[in-house]
Amino acid sequence: MEKYVVHCPPSPDNPKPSFLCRPPWERSVAELVGRYSPKYRHDVSTLLLESYSEIGAFPHEYESGGLACRTHMNRVINIANRNTSLFLRRDGISALEFDSKGVYVASVTKSGCLTVHDFETLYCLSNGSSPCLKEDETKHLLHLSTNQQLDVVRWNIANQDEVACTSVQSNEVLIFDIGYVSSEPVEVLRKRPSVTVYGFEVPRGLSDISFTSSDKSRLLASDMSGAINLWDRRVSNLPCLELSTNSRSNLNSIQLNVENQIVFGAGKNGIIYAWDLRGGRTSCAFQSHKEVSHSPLTSWKIALLLEGIGSLKAQSDIRSKEIHSIDLDPSCSYQLAFHLDDGWSGVLDTNNFQVTHMHCPPPAWLNGPDMSNNCLSLRKPSWLPTSSIYAVGSSSDDGIHLLDFYPRPDSACHVDLNEDIQSILEEKNKKARNRFIPLSEGVSVCATHPLNGTIIAGTKQSSLLVISQRHQSFGSVDDDNSTNAGDLSEEQKLD
């Protein structure tokens, strides 16, 4: 871009040409090709993080069959008995997920409610553009109050009309079609029963679900006995394959990569496993419809990897901790984020098998015991769609952490970030940083809009919180042509 600038001769008062005194044009490429580079996104991510705040809160005050639903009733009971031994632990949002276009967001609660919300309705109510300050339940696509605890909800990637949910207390995957007005699932997938030598069936609840993007009939679900079950719905409602960990420890979370080749699993023993579905020791995964078990291709014990980080080991007593959740970065496919039960979050680089980023907040016990935080739900963070920012519900405070997990040493959480890099960034006014956003309730799970980056947080009190840019009008209030900041795209917000 500089070659198109006309060089003016220097004046006596200013011997240097003015164009040499100004900073280089960093946005020139973006303006020409219409696309922001990852580095530019990271450079302006500080502005993005500063723009987030809570703009709306929606408690779960819905009805089922003319009566208050089970989640609403449990919330009322918990508020009344918060400081007594009668406090119920089956409360709170346990899982959230947007569909691939961000039109709908599905949520499930510990009390057994499955709800599919219209995202635009939630956003407009947060904006204040609707005269009603309360969510209109008649606009729900689906609100079911089941008779069992629910811990997982997932959209079928290849068929966005289907949403699946399950529980750690159930051996079934319930699949609902949002196009049908029915309280019954359109299909129920079951695990093969496990029977002991004494003839008793062993309960092996399901902890997470993952759909393949290439085939709407294939899905995976991890269980509480250290295995992943794979179904081909065209063949049977029973699994056609089992991926084992050679351990009976719970698997809490699974992730399938974008090529549908590698599946990652992690759980209570602090180990991340990887299976190759099309090669290596787990070849021909969906080609055999017999009950076959495969061992993992490789595994990583997070505690051992953390001991290799000298600065962290010098300050902390590193022990093996339960992994609540794992997530692949949508803007950097080799970054696998993990979240531990003590509130720590980090990134495993699956190319070199090293932990590259860590965030270690103060432990929850520093704030003293709190009955409201004793929720049995696993914390489930979420990546923002761009910029490698990780949204994590705090384990000790009411709020979320927005963590800079950009895959370079100038990231605020990179293990190789040192004082020299920090001083260079400060000179350029591009100091890497994280941000904590205080919220009205404690957060158990986060989901981010796949296009505009709006965050929906599910709370321990079963509410949904909308976290985005505050809506501000440009010009006078009476100006009919005024524009809301909330109507801007993410690219404009970064400007």
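**Close-up views of a predicted model**

Arg218 is partly exposed, with a relative accessible area of 23% (buried means under 20% relative accessible area, exposed over 50%, partly exposed in between, with a 1.4 Å probe and protein chains only). This is a predicted model, in which local features need pLDDT of at least 70 and side-chain atom pairs count only at pLDDT 80 or more, while totals for chains, interfaces and linings use all residues. Residues are numbered from 1 along each chain as its sequence is written, and side-chain values use heavy atoms, with hydrogens and water left out.

**View A. Arg218 and its salt-bridge partner Asp215.** Their side chains meet at 3.8 Å, N to O (a salt bridge is a side-chain nitrogen of Lys or Arg within 4 Å of a carboxyl oxygen of Asp or Glu). Asp215 is buried, at 14% relative accessible area. Asp215 and Arg218 also belong to a salt-bridge network with Asp232 and Arg234. The whole structure holds 15 salt bridges.

**View B. The salt bridge of Lys321 and Asp342.** Here the side chains meet at 3.5 Å, N to O. Lys321 sits in the loop between helix H8 (310–315) and S23, and Asp342 in the loop between S24 and S25, so the pair ties together parts 21 residues apart in sequence (helices, H or I with at least four residues, and strands, E with at least two, are DSSP runs numbered from the N terminus). Lys321 is buried at 16% relative accessible area, whereas Asp342 is partly exposed at 23%.

**View C. The largest nonpolar core.** This core has 22 residues, and those with the most contacts inside it include Ile272, Leu306 and Phe338 (a nonpolar core is a set of buried Ala, Val, Leu, Ile, Met, Phe, Trp, Tyr and Cys residues joined through side-chain atoms within 4.5 Å). Helix H7 (302–307) is one of the elements that give two or more residues to the core, and H7 gives the most, with four. Setting aside residues up to four places away in sequence, Leu306 touches Leu312, Ile318, Trp344, Val355 and Met358 (contact means heavy atoms within 4.5 Å).

**View D. Thr454 in the loop between strand S31 (443–448) and strand S32 (455–459).** Thr454 is buried, with a relative accessible area of 0%. Its side chain makes a polar contact with that of Ser468, at 3.4 Å (a pair of N or O atoms within 3.5 Å; within protein, one must be able to donate a hydrogen and the other to accept it, and residues adjacent in sequence count only if both atoms are side-chain atoms). Beyond four places in sequence, the contacts of Thr454 include Phe98, Phe119 and Tyr123.
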